[in-house]
Amino acid sequence: MKRKSLQKSLSVSLLAVLAIQPFVSVVHADLNIKGNTTSTGGIQVKTPATIEVIGSPTVEGTVTVTGGLTIVPEPGNIHSTFQHATYLLKPTAANPVIDFGGVTTGLVTIGNTNVGTILRADGISRIEYAKNVTPGNAELRGTQLDAARTGLTNAVAQVDVDTAAVSQTAFVNAKGDTDLAVYKDVTAGLAALEKAKTAAVSTLANKIALLSELSDSTTALTSAQDTLDAKVDLLDVETKRLKDEAAALAQARTLLNDTITGLDLSSANAALTAYTNVQGDVEKAVYKDVAKAISDLEAARTSGQAVYAKSDATLQEVVAATTAITDGKALLVDKQTLLAAATQQLVNELTQAKADLSSAMASFNKTEVDNAKASYLTAGGLVSDVVYNNLVVALAVLDSAETEADGFLMSSSSTLVQLKGARDKVTSAQTEVTLKTNDIKTATQALNEWNQAKTALADAISSVNTTAAVNAQSDYKNANGREAAQVYADVTEAMNALNGAKDVGVALVGKASAIKDEFVTAKDDITAAQGVLNEKVDKLKIATQALKDLAQAKDSLNAEITAAEPQLVGAATSLTNYEAALGDKADVVYTDAVAAKQDLNAKVEAGKLVHDEPASTVTDLDAARTAIAKAKSALSTKLTALDSETEALVTERTNAKQALAKAIADVDVSKAQQAQSAYDNKGGNLSLAVYKDVTAAITAVQQAQKAGEAINPTTAPVSAMQTATTAITSAQADLDGKVAALKRATDALVMPTLTSKELDKFNFSTVYSGQINAVSKAMNTSSFKGSKKHFTIDDGTNKVNIDLTWDIPQNEYATTFAASIGSAVESEIQQHFLNTGGVDGLMNRTMGATVIWDGSSQGNTFKIFTFGQPGIKALTLGGPDWQYFFDTNTFDAPNQDTSANREFTISDGTKTATFKWDSDLVDMAGVLKALNDNLSANGVKVVAVQVNASTFQLVGTRADITISVGGTNKGDLFTN
């Protein structure tokens, strides 16, 4: 019954099972387990084999492994198929590939020391060594196992006991009680963490530790660390509290000591002394309050010193002692301020009294008194005069009062009464001195007025001046004046009268008994005589100037005549320049210039006659000069207008010449020709007026240009040059307008378009699938030591080097040459994927090799095969010796899906591009590149542009073409 059940649930693959014994299956090659039944007899795996699970079967009993084993589970039943089976691992060779595929298992027993790495062992629930088997190289590997082992390794590395030790040391240094629970909890946490770490290290040392053991050990270790960290945090909080309390007490003691040592009562005592020094009343409260505050503060200082000296003083005691002193200081400052104010008031009153006295003394100007005395003596007064002696006595009284006042000011013990009495005495003496000073000033004034009158007479005498009169008479005679003239005789008479008045004054100055009024009268007579003489001299000067003006008028007229000569020459030059510029001689600007030149010439000739006439007056001479000047000015104005007109004529010709040259140079038909080419290139109709108008406009502008070039700009009329310029610029403007119209017509040309359907994919590749089998030739040897063989296997992604360089033996598992070679090739393939991708690469390898069975026996051929993964197009053999083993080197996948390919054509009516898409174009950019590269290569006048992420549009590059599409798959891409 069991055998029937087993046969029903097991189906032999192409590699075949050698034998199915009762109750136990013996596997010598790959095995497929199918269906939904249960196998209870167990399995014996004697050669390297792969067990692939299909469906939902279950395996019970013991799986005995003496060769290599790879389990390929059904992903949905990875935990159920083998969970009730037990496993005995007793490989005959060292370190075979044993891969549990991540399935959940029952007990796994390691039966000998040949067991090495057990791959994808994440689902093993129990594992142990058989009796009398020494633990060897066995090691569990798997994605979750490796991650769990790494996690446990990191957790061990991150164990932190130093922080806890530092925290305990800080607690002790802060004088914490080590008998408190907060300290003992950290000690207990350290012990627990060390225990968990030791257990974790032991688990890591166990190479066959299960996933659950690694996870549990990690959890226990991290939990112990977290518990210790929490206890350390509590201990740190208590340590901080102790430190803060100690710091506060230390700070308070420092503040108390600073307050005691910084207490200074000297200023308060000095304030008491200052108050008494200014005769302050010591019985007043303002004085007594300061004295009491000093006494109280001294007592507080003594008390504070006692508290500071106590080693066990509390924070409250220290703060109270400090507060008592600071409060006492504040009170003392307040009382001391009041005392200082009272003292200052007394000082201010004394200071003001002294200031008033000093001001009274300083305000009196003794310099003025001394100056009055000196002025009196200077004016001729005597020291024996009563008025002078009275002032000397008054000054002596003032000096005495000031001496007494200086004594009071210098003394620090002067009273207010003394200071005010001295001030009154000084001001009284000053008043008396002021009265006597005024008396002496009046006497001085009288003396000064007599002296001033005498001095004024002496000054008048010394200022007598007849030199100007003598010079005026000399000038008059030099200007051809006559001495007999009345104006000349009047000056002589006035000089004689002035000299007589001067002689009287000189006699009076020498008279000692003369009075002030005599001095004044003599001085006035001299001044009057001098005034008369000056008046006569002025009249003589007027007469002299009239003679000089006549001579000057002649000189001015002569100068005007001389200056007119070069202007007449310049006028002739201007007229010549106008004529050279082809100016019109009938033009008023020319005739006015000629008339002005003739007028100036006439005025010059008339002026010469007036100049030479002896009877000509200044008026005659000035009139002739003015006439010439006006004629000169008029000629200058006319010449300016003529020169301006000449310059305008020259400028007009120059501008016309330049404008014509520019118009000729600016002629441009290239843009018109380019516009015609662009219109033609875009398929425009060349028979339309918009095109022909440009051709006609080009001809017109070229003809106008040629006519302008034929004009001689030196001799031709200006109007001719201007007309030619206008013709050229008008023709060019007309051409530009026609070109603009042609460009608009070009832009208006409608290019044919064809829009694609919306693409739902861009991958048009052929899809390859199915298992590929490369069957070898019949093998008649497996000995390659003397004849080494090398070849390669390439699946398009992986390239495996096969090196057979030894004599490959046969054994109970490989009985033919082909079986030995297939086993060796399989080993090379597995080693390649292990080297390049690690365990994951080995588990997901794309190819393998095995012997081909002949019924129940191993045959004389082997095969290289793929596992049927989609995307592998072919197996390709290479290298120097592939032909030794195979007849051909390429083996295609059995299935090829070309449904995604697209074949179509695009034509512009003349040329056609053919497309076959059988690759992944990735996105719309790839589609556009594939289209445009082929269209351009075939000369099709069409480009492809993107409409959106899934649609493109075909656009003609000429308006006169027709876009059409064809081919097998045109309907997949286009609507027509």
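Modeller: A nonpolar core is a set of buried Ala, Val, Leu, Ile, Met, Phe, Trp, Tyr and Cys residues joined through side-chain atoms within 4.5 Å. Buried means under 20% relative accessible area, exposed over 50%, and partly exposed in between, with a 1.4 Å probe and protein chains only. The model is predicted: local features need pLDDT of at least 70 and side-chain atom pairs count only at pLDDT 80 or more, while totals for chains, interfaces and linings use all residues. Residues are numbered from 1 along each chain as its sequence is written, and side-chain values use heavy atoms, without hydrogens and water.

The largest nonpolar core holds 52 residues, and F100, I118, I124, I127 and L140 have the most contacts inside it. Its largest share, 8 residues, is supplied by helix α5 (residues 211-261); helices (H or I, at least four residues) and strands (E, at least two) are DSSP runs, numbered from the N terminus. Beyond its neighbours within four places in sequence, I127 is in contact (heavy atoms within 4.5 Å) with L107, V108, I110, I118, L140, I208 and L210. A second, separate core of 33 residues includes A818, W853, F885 and A893. In soluble globular proteins, nonpolar side chains tend to be buried together.

Helix α12 (residues 467-478) has 12 residues and spans 17 Å from its first C-alpha to its last, close to the 16 Å expected at 1.5 Å a residue, the expected span being 1.5 Å times one less than the number of residues. Its buried residues include A469, A472, Q473 and Y476. These four lie on the same side of α12, because they cover an arc of only 100 degrees around the axis, taken from the directions from the helix axis to the C-beta atoms. The buried residues of α12 pack against α13 (486-509) and α14. Just after α12, N480 takes a positive phi of about 70 degrees.

Helix α14 (residues 516-580) contains E560. This glutamate counts as buried, because its relative accessibility is 15%. Apart from neighbours within four places in sequence, E560 is in contact with R625, I628, A629 and K632.

Finally, an open sheet of 3 strands runs in the order β19-β23-β22 with antiparallel pairing, where two strands pair if DSSP finds at least two bridges between them. β19 and β23 (residues 857-866) pair over 3 bridges, and N773 has F865 in β23 as its bridge partner.
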